[in-house]
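Student: I would like to learn how to read the packing of helices and strands in a model. Could we go through one together?
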Amino acid sequence: MNKFITILSGILLILPFAVSGQIVNQRTGTQYRQLKSAIQMAGDHDVLLVKGGFYEEGNITVRKPLTLRGTGGPVLDGSNQNEILTIKADSVLVEGFIIQNVGVSYMKDQAGIRLYGSRGSVIRNNKLKNTFFGILLEKSVHCKVENNEITGNAASEVSSGNAIHLWYCDSMLIRANEVRRHRDGIYLEFVNASMIQENVSENNLRYGLHFMFSDDDTYLKNTFRNNGAGVAVMFSNHITMDQNLFANNWGASSYGLLLKEITDSKITDNKFQQNTSAIYAEGANRCLVTGNDFIRNGWAMKISGNCENNTFTQNNFLSNTFDLSTNSKQNYNSYNGNYWSEYTGYDLNRDGTGDVPYQPVKLYSYIVDRSDASIILLRSFFIDLLNYAEKVAPAITPASLVDSSPLMKPIP
Amino acid sequence: MLKILKFTLYDLLRSRWTIAYFLLYLICAGSLLYFSADPGKAVISLMNILLILCPLVSIMFGVLYFYSSRDFVELLLAQPLPRNSIFTGQYLGVTLSLVTGLSLGLGIPFLFYGIFVSPELMNFGTLLLSGIMLTFIFTGIAFLIAIKNENRIRGFGLALIVWLFMGIIYDGLILIILLIFEDYPLENFVLGMTLFNPVDLSRILLILQLDISALLGFSGAVFKKLFGSSLGMLLVTVLSILWVLVPYLFLRRSASRKDF
């Protein structure tokens, strides 16, 4: 068997020379058949036009500022062994390629396109298929990743990589990419002052978007669908999350938005739809949650006892099974001025806010927290009675956790 | 049998009770649809009402009708009619009149709402079906109670207890068991327990449609796996039919043996 593999890999090593297609250096007009030699011969800031064809050349490394422009969908194939494009220079532009079959490695993070220590590079309009890591950016600044479509075929978390992975970067723009079926859709570790915008991240095993130790970032108008969890923001500060859609993140430990050790952030105008838990927060402090719509989630918010000084206001809570659950008897957050579709109070002075405070935490959510199987009693009359009794005289739920000015009408 | 059924049905359809029952649902469904913008929410609220009201009305009305038509039954018994057909006819008559009240009361507001082109059609269908199923089951139990107990107060009391037990106490018992034995994996046990209560059966069928997001937690996934599968649906259907058939068969046996 081992012998067979040796022979096979021998054949595979020879194979890369079987290439077709054509590459033109726009400045010199020279034509090449191999991308590698074209890059080697090119001068700084040359434009290489790569015509449609099949390029299986193993790993291709770019060490000078270049423009690689694919026309007619040239295919760069990694024969399921290699990392394909490695960029270790500033101001490289890669566009219009189809990059496929990145090798899976447990030792190295092999990617479709890897940027290392690059400044001002642009990766756009590429299609990446069957990738381990899709686009991997390390120690880079001011780069743009735009309009790429990255599809993996992740089967387990151990043997899969992330679609777009940023590590020690600054001032990056990740815009309008479609990433699916990786471990994490977009992963940021030690990435500051960056913008994640208008991406679609779906069917990823773990998170649609994952922040670790990243500060001052903004993500805006993204869509997160059917991921293990939509977005996980961990150990980060000053994050702005605006106008994103979190939908159908279903499963026992599945969340629309997972907040862990995050401070001074803003969660505004997002839409959470039909997630098992829309927001799960642990150790989130001084965050502002406003203008969001929570629609038909299992739990709209699970806020742990170690979350302090957060403000939840002007949100719409529509037909969630549970609006809020918490594991603490104390409350250090403010929940005033939201619309709760379960609110049954009245508004006699007609100022738009209800005269009776609303208690978003029900006794039943405590029971479910304690005994998971009791979810089967959901909407039972007995449970309604218990909830009602608790509502009249709170004994277990935090008495201070109320919305003292619940809105009578949803915010449009 | 058909004649008795027809007679009972016509008699009941004209009675104030059935009309009141019909109007109750009509007003509930109508106002819920009118006041809440979201028909999904109206279905959830109606489900809460239905799961309590439907068994209660069926069982009390069944007992009431049986006792009040006692003279008529004695008259019929004097005729050359098989006992089975008399009681089956009455049972079906009462059930069908209640079902008519329920279906029209719920159906008319939703029809005006335009349920057939709404995505809530499936939810509404499940709601109506479980209502009908509960009516059949609890009227059967009511007749059984009434035929076994000559004493009316005892009969009404028993009916109330059965309703209380199935509607409320049973869930309380499940909860107590869950909390006492919280260290053990009780998913399958609880699942088994709910199968033996028709009210819980219909409730779970409904929440599977309506609260699917919440049910996808850890235990919820276990329940969803059973009830969401075709085997689960088959099981629920078979058990529901059993819940209708068993009281009915007991009713037949008691009716043929009873000395009037």
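Student: At roughly what angle do the axes of helix 3 and helix 7 of chain B cross?
Tutor: Axes are lines fitted to C-alpha atoms, for helices over the stretch in contact, with angles from 0 to 180 degrees between N-to-C directions. Here helix 3 (residues 39–68) and helix 7 (residues 152–180) of chain B cross at roughly 165°, their axes coming within 10 Å. Angles over 145 degrees count as roughly antiparallel, so helix 3 of chain B is roughly antiparallel to helix 7 of chain B. This is a predicted model, where local features need pLDDT of at least 70, side-chain atom pairs count only at pLDDT 80 or more, and totals for chains, interfaces and linings use all residues. Residues are numbered from 1 along each chain as its sequence is written, chains are lettered from A and ligands numbered from 1 in the order written, and side-chain values use heavy atoms, without hydrogens and water.

Student: Which residues of helix 3 of chain B make the contact?
Tutor: Contact means heavy atoms within 4.5 Å. Among them are Ile52(B), Leu56(B) and Ile59(B), while helix 7 of chain B contributes residues including Phe156(B) and Trp163(B).

Student: In what order do the strands of the chain A sheet run?
Tutor: Strands are DSSP runs (E, at least two residues; helices are H or I, at least four), numbered from the N terminus, and two strands pair if DSSP finds at least two bridges between them. The open, parallel sheet of twelve strands has the order 5-8-11-14-17-20-23-26-29-32-35-38 in chain A. Strand 5 (60–62) and strand 38 (322–326) of chain A each have a single partner strand, so one side of each lacks a neighbour in the sheet. The twist averages 10° from one strand to the next.

Student: How many bridges join strand 26 and strand 29 of chain A?
Tutor: Six, in the parallel sense.

Technical notes: Parallel < 35°, antiparallel > 145°, perpendicular 65-115°, else oblique.
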